[in-house]
Amino acid sequence: MSKKPYYITTAIAYTSGKPHIGNTYEIVLADAIARFKRKEGYDVRFQTGTDEHGQKIEEKAKEAGISPKEFVDQTAGEIKRIWDMMNTSYDKFIRTTDEDHEKQVQKIFRKLYDKGDIYKGYYEGMYCTPCESFFTESQLVDGKCPDCGRPCQPAKEEAYFFKMSKYADRLIEHINTHPEFIQPESRKNEMMNNFLLPGLQDLCVSRTSFSWGIPVDFDPKHVTYVWLDALTNYITGLGYDCDGNHGELFEKYWPADLHLIGKDIIRFHTIYWPIFLMALDIPLPKQVFGHPWLLQGDGKMSKSKGNVIYADDLVELFGVDAVRYFVLHEMPFENDGVITWELLVERLNSDLANTLGNLVNRTISMTNKYFGGVVANCGETDGFDKDLMDVALDTKHKVINKMSKLRVADAMTEIFNLFKRCNKYIDETTPWLLAKDPEKKDRLSTVLYNLVESITIGTSLLSSFMPETAEKIFAQLNSKERTMDELDMFGLYESGTKVTDKPEILFARLDVKEVLEKVEAMYAAKAEPEEPEEPVIDIEAKEEITFDDFEKMQFQVGEIISCEAVKKSRKLLCSQVKIGSQVKQIVSGIKAHYTPEEMVGKKVMVLVNLKPAKLAGVLSEGMLLCAEDADGNLSLMVPEKEMPAGAEIC
């Protein structure tokens with residue numbers, strides 16, 4: 001009987017630089033899901049790759065003094081190296097500079113144009129280069145990109161547009177009738193309420209202000225807009241052909257079972273991508289999962305500070321599987337996770353060294369000590385055995401249930417619950433006391449057999465998440481990985497098998513102080529030269545204004561009397577600001593730099609007579625003034641001396 005196909009993809013990594021551990025988390029997560037699906041018996045196709053076009057790439061290549069192709073070749077090679085280092089089992093690494101991909105993108109563009117879904121027009125608006133996205137003034141937050149918070153620049157050029165509204169109602173119906181399509185649920189609500197239901201604007205799908213992109217073959221001064229180029233990798237990588245002569249892989253694996261992406265690009269994958277597919281008369285993917293972010297615990301990552309955490313640095317200190325364990329187990333299903341060096345050491349010591357490593361080492365050591373390494377089931381059971389067996393046999397079903405809902409961290413917790421139960425079983429059966437009584441030799445042998453059998457079951461489930469560790473455990477126990485069907489049976493470990501006589505320490509306990517010293521030395525070696533004591537920043541000059549223009553603006557000192565985070569926004573804080581006898585509500589994109597508690601009580605500089613506007617659905621009646629350095633760090637402007645709330649700034 002042929003296996004059921006399962007197609008999983010990651011977002012393709014943007015080749016603007018080396019991915020940090022937060023970027024790397026996604027490929028490890030996808031790999032764990034792909035491996036587990038293979039174990040369940042699916043015929044898995046796992047695709048990842050790199051997104052290599054756009055203005056940002058063109059600019060970075062120019063800064064580096066090389067061609068864009070040379071730049072992306074280097075960066076794509078580095079990304080692939082890291083994916084391979086993390087032991088990820090992808091089947092296809094696609095690059096958007098691949099010739100067959102570029103050819104299909106051109107054919108897709110022409111097909112949609114001939115169909116009337118793409119038309120030529122004229123664009124004037126605000127453009128965010130890092131996000132490769134256009135925005136209207138009303139979509140900006142504090143005048144900056146609503147997605148990344150960076151400055152946007154005015155852009156005005158001829159462009160082609162896609163008629164998004166033509167397919168909006170059909171997409172809304174699909175989302176409503178396929179509740180599993182967008183996960184988690186909160187992402188679906190965000191897309192519906194913030195984008196689809198208010199009405200979609202036509203999407204700019206070409207650019208003329210830069211050249212590093214796939215040319216529109218019938219109008220070569222235009223290059224294809226990055227999202228129409230990038231998103232189509234999911235089908236071109238399977239051999240999709242716009243003329244209908246599809247490859248075998250496309251016929252077999254499309255539609256995709258799962259697009260695994262970061263929550264920051266959920267809009268592109270659940271609105272733009274489905275609409276493109278509808279226009280091409282192609283079935284929609286079955287599910288898009290927008291996973292949360294892995295954040296640095298001690299502040300914003302900055303290359304100039306030398307505190308960016310990269311996967312290869314982590315692997316050097318902890319090993320591949322320890323890093324895989326941490327990012328998979330510590331990431332919540334829906335909320336952002338946090339990574340710190342201290343937490344890494346804590347988890348390695350408690351879960352990997354103690355719960356798992358010590359269990360395997362103790363079991364093998366006792367088997368060698370008491371029976372010369374031979375594991376035999378003598379059938380001498382008592383009341384403790386049944387509970388251990390029940391937990392071991394039930395773990396498979398619990399893990400399958402969690403993985404079916406993409407709750408990977410919870411699935412790993414179930415596996416480690418089995419290992420914890422094994423450790424408890426050792427305490428309950430006290431093998432060291434049984435060994436003192438010759439008449440209880442058979443009972444002792446059975447206890448050790450039950451432990452080896454339970455460890456084998458747990459390790460068979462662990463192999464999808466920590467494959468190298470699983471291989472090491474199987475080698476030491478002289479056992480092999482069980483199939484899913486075999487995990488329904490207890491007692492398959494062949495009685496009389498001999499374990500290794502030299503058990504390997506799987507995970508050594510680490511001293512947090514020593515680790516932090518190594519980290520500090522590592523950062524010091526990689527840190528960029530210190531900036532001058534008094535750095536200066538030159539910014540682009542704006543148009544001159546007259547004194548009359550200046551007099552129109554009213555600046556006053558305000559006192560923040562309360563502050564809270566804006567729901568469903570990762571950047572906005574809402575402050576109640578006392579200005580004289582009035583209290584104004586002001587929304588600011590400074591959540592990454594100040595907590596609500598830090599804000600309360602501050603005296604700040606306020607632009608009072610700014611026209612009220614809604615940001616993320618919350619009314620803002622002014623603006624708090626900030627300074628920004630070269631790293632994007634913000635500082636509220638505060639009076640040098642004590643000033644009353646309402647004092648005029650002139």
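Is E158 buried, partly exposed or exposed? In this predicted model, E158 is partly exposed, with a relative accessible area of 24%; the class lies between buried (under 20% relative accessible area) and exposed (over 50%), computed with a 1.4 Å probe on protein chains only. Residues are numbered from 1 along each chain as its sequence is written, and side-chain values use heavy atoms, with hydrogens and water left out. Because the model is predicted, local features need pLDDT of at least 70 and side-chain atom pairs count only at pLDDT 80 or more, while totals for chains, interfaces and linings use all residues.

Side chains of opposite charge can pair when their charged atoms come close. A salt bridge is taken here as a side-chain nitrogen of Lys or Arg within 4 Å of a carboxyl oxygen of Asp or Glu, and the structure holds 40 of them. One of these joins E158 to K221, with the closest N and O atoms 3.2 Å apart. E158 belongs to strand β7 (residues 153-162) and K221 to the loop between β10 (206-207) and β11 (223-224), so the contact ties together parts that are 63 residues apart in sequence. Helices (H or I, at least four residues) and strands (E, at least two) are DSSP runs, numbered from the N terminus. K221 is exposed, at a relative accessible area of 51%. Elsewhere, salt bridges that share partners link K18, E78, R81 and D312 into one network.

Helix α4 also takes part in such contacts. The side chains of K107 and D243 meet in a salt bridge of 2.7 Å, N to O. K107 lies in α4 (residues 99-115) and D243 in the loop between α8 (233-236) and α9 (248-253), so this pair connects parts that are 136 residues apart in sequence. K107 is buried, with a relative accessible area of 18%, whereas D243 is exposed at 56%. K115 pairs with D281, their closest N and O atoms being 3.9 Å apart. Here D281 sits in the loop between α10 (266-279) and β13 (288-291) and K115 in α4, so parts 166 residues apart in sequence are tied together.

Back at β7, the strand pairs with β5 (residues 118-128) in the antiparallel sense over ten bridges; pairing requires that DSSP finds at least two bridges between two strands. Within this arrangement, E124 stands opposite K156 in β7. β5 also pairs with strand β6 (residues 133-135), antiparallel over three bridges, and Y127 stands opposite F134 in β6. Four residues separate β5 and β6 in a hairpin, where E132 in the turn has a positive phi of about 55°.
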